[in-house]
Amino acid sequence: MTPAIELIGIDKRFGAVHANNDVSLSIAKSSIHGIIGENGAGKSTLMSILFGFYAADKGEIKVQGKTVKVNSSTDAIALGIGMVHQHFMLVDPFTVLENVILGAEGGALIGPALAKARAELKRLADEYELDVDPDAIVGELPVGLQQRVEILKALYKGADVLILDEPTGVLTPDEADHLFRILQQLRNQGKTVILITHKLREIMAITDHVSVMRRGEMVATKETAKTSLEELAELMVGRRVLMHVEKGAAHPGEVVLDVKNLVWRDRKGTPRVDGVSFQVRKGEIVGIAGVSGNGQSELLDVITGIAKATSGTVLFEGEDITDLNDPSILRRRGMAHVPEDRQHRGLITSFSAAESAILGWQNDAGLGRSYHLNRNAVIERCRKQMEEFDVRPADPLLKSSKFSGGNQQKLILAREIGSNPDLLIVGQPTRGVDIGAIEFIHKRLIHLRDMGKAILLVSVELDEIRSLSDRILVMFAGRVMGERGPDADERELGLLMAGVVKDAA
Amino acid sequence: MSARGELPTWVDVGLIPLINLVLALLISGLVVVIIGENPFQALGIMLHGALGSLKGWSYMFYYATNFIFTGLAVAVAFHAGLFNIGGDGQAYVAGLGAATPGLILGGALAAILPAGISQPITLFVALMGSILFGAFWAFVPGYLQAKRGSHIVITTIMFNFIASSLMVYLINNVFRPITSMAVESKAINDAYILNFREIGRLIGMKLPSSPLNPVVFLAFIAAFIIWYLLWRTKLGYELRAVGANSEAAIYAGIKPSRIIMIAMAISGGLAGLVAFNEILGVQHRLLLDFVGGAGFVGIAVALMGRSHPLGIVLSALLFGLLYQGGTELSFAIQSISRDMIVVIQGLVILFMGALEDAFRPSLTALFFKVEE
Ligand SMILES: Nc1ncnc2c1ncn2[C@@H]1O[C@H](COP(=O)(O)OP(=O)(O)OP(=O)(O)O)[C@@H](O)[C@H]1O
Ligand SMILES: [Mg+2]
């Protein structure tokens with residue numbers, strides 16, 4: 001059978017970076033093909049070439065056995081290729097519906113297209129349980145739901161080959177399983193799926209074949225059934241990887257963060273954070289688990305001074321900071337913050353890495369006296385952080401947008417952890433980060449805890465929450481449903497995340 | 001991620017502006033043909049008019065002085081994500097700050113101090129006055145944007161109109177000597193910037209007559225200061241952060257409303273320097289419409305100069321050339337008026353601003369094809 005997609009000898013350089021080095025790949029029709037590899041290995045670049053975003057320097061692309069030129073994403077879509085990007089490509093002020101028909105408006109009046117899309121969305125929602133309010137403004141949706149819109153968009157355009165670049169980064173295991181059921185169904189209907197992910201469990205669970213990339217090269221393609229998690233990890237990183245980081249008992253000290261009855265209402269008056277109370281002490285990691293969109297993002301915003309609490313109090317090191325609303329003062333007092341959404345908040349994509357690496361810390365005395373910003377100091381600081389966190393390429397002058405997703409994340413972590421904070425607020429610390437780097441980041445977080453720092457961790461990865469947290473809070477619909485220890489039963493946590501409370505009291 | 005990769009920097013900052021300029025000139029050439037004149041002859045006259053004599057060069061730099069100020073004004077606001085269209089009005093109102101010290105303070109100081117001391121003091125006060133009045137006239141729209149959400153484009157346009165009426169009223173009713181027929185203030189002799197011809201005469205050198213004066217150096221210094229501000233200070237960093245991604249800026253603890261007001265004030269202050277140049281270095285009195293549309297040229301200059309001070313200096317010189325050459329052209333060929341320059345300027349704005357992204361994709365495609 002002719003393969004659905006064939007890439008032959010694809011080569012792509014970005015200046016000194018050899019992002020794809022003579023890469024060949026063949027993808028069988030109606031199969032799910034996984035691609036794995038470290039951050040910066042060149043996975044997104046390869047897919048961007050297939051989708052017409054980048055032009056390869058050399059190489060050939062065959063679709064259904066025929067050599068084709070893919071000069072733009074329009075070409076790709078016409079060839080039946082759809083893509084869900086690692087970084088969302090959505091128009092924030094538009095509604096879900098408007099985003100879905102984008103590029104498929106068909107005619108001068110969008111009324112008919114909207115009506116058709118509404119019906120189609122309903123069908124997709126019913127069939128795949130991909131529920132999103134079609135009239136919601138995309139920019140106001142939490143990342144988890146934005147992700148769904150991206151998936152809907154690609155499905156709506158009716159692609160034969162669907163490329164998903166790290167689609168499960170923000171989904172809970174349940175949601176991911178759900179997505180995988182969709183993908184399997186698509187495959188059974190004769191469609192082809194290419195799935196890039198850092199989660200080897202997902203690869204093992206649903207792919208038919210898996211290809212491994214390392215430093216721009218394709219190092220292996222395996223039949224999934226004939227390989228193992230450990231083998232893949234080793235192929236990817238080139239050494240054995242610890243899947244679970246060792247961690248000693250916590251020795252909690254005094255309270256650093258004390259949140260009491262916190263409420264935050266959105267513009268419509270709906271409480272998104274609804275009477276939340278908890279404490280974080282020195283030397284412990286408190287994890288907040290929950291399906292994304294249940295108030296975690298808003299909670300972090302209020303604590304870090306970005307949003308104003310409607311009522312309730314936040315005490316930081318004994319001081320009431322509820323009405324302070326000043327992230328820069330909080331930073332100076334020792335509260336660091338790794339935001340959930342790295343593309344929109346964590347860095348400024350049009351700035352150089354060095355400039356992004358001081359975002360929020362630009363007034364540090366170490367970066368120049370009074371008004372002056374010492375460029376060499378800025379670059380030097382970035383260089384150090386890059387070295388410590390193994391950011392690749394280690395080029396402080398490269399534009400932030402040109403780093404691979406995982407490396408952008410490492411840049412942000414390096415900046416915030418590197419500030420040696422008393423309290424670290426961290427949202428989705430390992431989203432899009434490869435397994436080698438996850439191991440490293442988890443070690444750093446535990447090390448920080450063991451140095452007596454307080455850490456508040458929000459993650460939709462239940463595994464991550466369970467392996468890092470000393471106490472786990474579960475949020476649902478803006479409320480804390482309960483507190484559990486790190487050895488809590490996964491099923492029980494899952495129920496809490498769905499808002500079901502077993503009467504334990 | 002932009003589609004199909006990104007262009008090398010030299011294409012982005014060099015080639016694209018050049019293509020836009022050439023296209024603007026080509027279309028202007030067509031207009032000349034339609035008028036019934038020879039476009040090559042016209043181009044020749046223009047180039048000769050600006051570059052063929054020391055006098056032409058002097059005028060070119062004189063025009064460029066004002067354009068550097070207004071170009072920088074637009075660029076600073078632009079880096080903060082704001083489109084300041086009010087440069088004209090800001091420069092006009094700054095005329096009050098430029099003229100008043102010379103008219104009031106200058107005489108008083110001259111009475112008690114030797115001219116060598118009283119003049120520099122008065123000039124310095126006038127310099128500050130120009131900056132402050134210009135800054136104020138831009139700060140108000142900035143404030144309205146930051147605190148009330150009134151769109152800066154709308155408010156700065158409205159402030160241009162307010163400035164016009166206000167200045168007509170003030171010049172006619174306050175500054176005009178009662179006995180004078182001309183709607184202008186009395187001559188400002190106590191804060192007088194000699195132009196190069198006058199300076200040359202002092203040291204026995206004969207220079208062609210032109211309004212070019214040492215304020216041109218201030219323009220270059222201002223360009224350097226703005227470059228330094230934007231890329232070497234914490235304030236500049238915060239300003240660019242707000243312009244590039246205000247959500248990330250808020251995360252970083254930067255207050256966009258504060259930055260908006262500061263950026264607008266700096267922008268207006270720069271525009272105000274046009275008044276300093278025109279009133280104290282050229283006209284030596286406060287008069288109607290002394291800005292002469294320099295504020296609007298600043299938009300084209302900033303667009304063409306890619307909002308970078310160096311690019312702005314270069315494109316200001318280019319526009320200086322067009323203005324000087326265009327003036328000569330209108331003398332030489334009666335059927336072509338000086339408004340031809342306005343046409344070219346409009347076309348540059350059209351290509352740089354509105355149509356820039358129209359060429360980019362095909363240029364990028366072409367570029368990669370050539371590379372293959
Ligand atoms: N536009 C660009 N300009 C310069 N370098 C780039 C550009 N895009 C990608 N790169 C570089 O190419 C390499 C491969 O990047 P790519 O995004 O393909 O990695 P990836 O395998 O998808 O990584 P991740 O898992 O972190 O998303 C990286 O070193 C990256 O910095
Ligand atoms: Mg990637």
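This briefing walks through the build of chain B and then some charged pairs in chain A. Keep in mind that the model is predicted. Across all chains, a search of the whole structure turns up 37 salt bridges.

- Picture a box of roughly 75 × 60 × 40 Å along the principal axes: that's what the C-alpha atoms of chain B fill.
- Of its 372 residues, 52% count as buried.
- Take the contacts in chain B with a separation of 6 or more: 76% of them come from residues 24 or more positions apart.

**Chain B: surface and charge**

- Chain B carries 19 positive and 17 negative side chains.
- The centres of those two sets sit 8 Å apart.

**Chain A: E38(A) and R392(A)**

- These two side chains meet in a salt bridge, at 3.7 Å from N to O.
- The pair links distant parts of the chain, 354 residues apart.
- E38(A) sits in the loop between β3 (32-37) and α1 (43-50), while R392(A) is in the loop between α13 (375-388) and α14 (405-417).
- E38(A) has 11% relative accessibility; buried means under 20%, so E38(A) counts as buried.
- R392(A), at 26%, counts as partly exposed.

**Chain A: R345(A) and D301(A)**

- Here the side chains form a salt bridge at 2.8 Å, N to O.
- R345(A) belongs to helix α11 (residues 342-346) and D301(A) to helix α9 (residues 296-303), so the pair ties together parts that are 44 residues apart in sequence.
- R345(A) is buried, with a relative accessible area of 16%, and D301(A) is buried too, at 14%.

**Chain A: a network**

- K247(A), R449(A), D450(A) and D470(A) are joined into one network by salt bridges that share partners.

**Chain A: K222(A) and E231(A)**

- K222(A) and E231(A) form another salt bridge, with their closest N and O atoms 3.2 Å apart.
- K222(A) counts as partly exposed at 27% relative accessibility, and E231(A) is partly exposed as well, with a relative accessible area of 29%.

Key: Residues are numbered from 1 along each chain as its sequence is written. Chains are lettered from A and ligands numbered from 1 in the order in which they are written. This is a predicted model: local features need pLDDT of at least 70, side-chain atom pairs count only at pLDDT 80 or more; totals for chains, interfaces and linings use all residues. Side-chain values use heavy atoms; hydrogens and water are left out. Buried means under 20% relative accessible area, exposed over 50%, partly exposed in between (1.4 Å probe, protein chains only). Contact means heavy atoms within 4.5 Å. Lys and Arg count as positive and Asp and Glu as negative; His and the chain ends are not counted. The place of a charge is taken as NZ of Lys, CZ of Arg, CG of Asp or CD of Glu. A salt bridge is a side-chain nitrogen of Lys or Arg within 4 Å of a carboxyl oxygen of Asp or Glu. Helices (H or I, at least four residues) and strands (E, at least two) are DSSP runs, numbered from the N terminus.
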